[in-house]
Amino acid sequence: FARPGIEPTMAAGGCAGMCVDLTLFPLDTIKTRLQSQQGFHKAGGFRGIYAGVPSAAVGSFPNAAAFFVTYECTKSLLGDSGAFAAPRAAPVSHMLAASLGEIALALSVSMQDF
C-alpha cells in the first residue's frame, strides 16, 4: 500500500473541505435565522440560504488542504518507521498528526486575515 503524494492529498483535503461547506453553510444560515430575535420569516426564511456559499467554499479549500497534508505527512513520518511505529502507539501518532494538522489549519486561517 503506497501512500499518495502531496498533490493528491492536497486535492482530496481541499475537496473535502469544500463539500463540508457546501453542505453545512445553508444549515448554519437556517440555524442562525431560527435563533434571530426577529423570527425566522422576518430574518429571511429560506430565501438566500446559499448566499455566500461560493466564497466560503473557495476559502475553505486551502485550509482543509493544509490540514490534510500536515496530517498525512505527520502520520507517515511518525507511524511508518518513526517513533510511534509500534501498533500500540498508532493512536498516539494519529493524535499528534491531528493536533499538528489543526495547528496548520489555524495558521492558514489566520494568514487569510492579513
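A surface patch here is made of residues with over 30% relative accessible area and no salt bridge, and nonpolar side chains are joined into one patch within 5 Å. Keep that in mind for the first stop. The model on screen is predicted.

**Stop 1: the nonpolar patch.** Select Val20, Leu24 and Leu27. Together these residues make a nonpolar surface patch of about 270 Å². Now pick out Leu24, which sits in helix α1, a helix covering residues 6-34. Leu24 has a relative accessibility of 46% and therefore counts as partly exposed.

**Stop 2: the aromatic pairs.** Turn next to the rings. The structure holds three aromatic pairs. One of them joins Phe40 and Phe46, with the ring centres 5.0 Å apart and 75° between the planes, an edge-to-face arrangement. Is Phe40 buried or exposed? Phe40 counts as buried, because its relative accessibility is 14%.

**Stop 3: Phe67 and Phe68.** Select these two rings. Their centres lie 5.9 Å apart and their planes stand at 75°, so this pair is edge-to-face. Colour the two residues separately to compare their cover. Phe67 has 18% relative accessibility and therefore counts as buried. Phe68, with a relative accessible area of 31%, is partly exposed.

Definitions and conventions: Residues numbered from 1 in each chain as written. Predicted model: local features only at pLDDT ≥ 70, side-chain atom pairs only at ≥ 80, totals over all residues. Heavy atoms only, no water. Patch = residues over 30% accessible without salt bridge, like charges linked within 9 Å, V, L, I, M, F, W, Y side chains within 5 Å. Areas by Shrake-Rupley, 256 points an atom, 1.4 Å probe, with all protein chains shown as cover. Salt bridge = Lys/Arg side-chain N within 4 Å of Asp/Glu carboxyl O. Helix = DSSP H or I, 4+ residues; strand = E, 2+ residues; numbered from the N terminus. Buried < 20%, exposed > 50% of the residue type's maximum accessible area, 1.4 Å probe, protein only. Phe/Tyr/Trp six-rings, centres within 6.5 Å; stacked < 30°, edge-to-face > 60°.
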